[in-house]
Amino acid sequence: MTPATDIRRLFVLLCGYEILPKTISTRGQGARFILSEPVCAYLLDTASGWVLLDAGMNPENITDPARREAAFGRHGMTPPVIRAPHRLETQLDQIGVRFADIGHVILSHLHFDHCGYLGHLRHARISVQRREHAQAFEADPGVAYIRSDYDDPAIRWDLRDGDWSAMPGLHLLDTHGHTDGHQSALLHLPGTGPILLPFDAGDLRENFTQELLPGECRDEHAALAAIRRLKRLEHDLGASMLLFHDPVEIQQMRLAPEYYD
Ligand SMILES: [Zn+2]
């Protein structure tokens, strides 16, 4: 039986690349390898309007020398690559959507590669786990948080606790571990069926096949439980899993302005 769904189409937006030692994705393994990992966001065409899942990277953190140094240089990190076709405004334009048309943004967590365009989305409801919001506003939440991207009094936060449903066919899953309040998404498309979006619960396919922890974990036991939970759902539902950071699989995905329906 096909579950009821309000989701009509899923657009995968490729928002740029991060240049990283592989240990960022696979804890303690692959330090010699430097990966170029994609950063995605997902736009949903739904019965109640446009919904954005994650919000890309802020180009100003790269183009502004002082911000680039503060965000990346002083931590010894290579700045991400965002070319013109990766910009969120470019991709939305190709689909015929404006920032103002997006009424709801759901964030997996508040690392900089997931919330970079919040400054363009102040009019929208911004849903995030309460525990994620708390971690992000700690004095020193970690180098992957760029406070200026999300510390904005104009943002209308919608704080959530654990699993929740945004609408028929769009479910958010508590997959904390990578951070205190990381969440993943399960959505149902009318033709394609169930799709799992793990975000950073597992960056690469091998995080799931070999049950490898993400490089950064606030809670290792929870991070492993999250990987196993998503694997189980993939199997039990026969779901397709679209990986957020996998440099090989991104090349096989249907990218915006194409879509899954
Ligand atoms: Zn992350």
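Two residues are in contact, or touch, if their C-beta atoms, placed from the backbone, lie within 7 Å. The structure is a predicted model, in which local features need pLDDT of at least 70, side-chain atom pairs count only at pLDDT 80 or more, and totals for chains, interfaces and linings use all residues. Residues are numbered from 1 along each chain as its sequence is written.

**View 1. R8 in strand β1.** R8 belongs to strand β1, which covers residues 7-21; strands are DSSP runs of E with at least two residues, numbered from the N terminus. Leaving aside residues up to four places away in sequence, R8 touches D45, T46, P190 and D261. H109 is 101 residues from R8 along the chain, and their C-alpha atoms are separated by 25 Å.

**View 2. I227 in helix α6.** Helix α6 spans residues 220-237 and includes I227; helices are DSSP runs of H or I with at least four residues. I227 is buried, as 23 other C-beta atoms lie within 10 Å. Its contacts, not counting residues up to four places away in sequence, are A201, G202, N207, F208 and E211.

View 3. Six helices and eleven strands make up the secondary structure listed for the chain. Buried residues account for 46% of its 261 residues. Among contacts with a separation of 6 or more, 67% join residues 24 or more positions apart.

Methods:
Buried ≥ 20, exposed ≤ 12 C-beta atoms within 10 Å, placed from the backbone.
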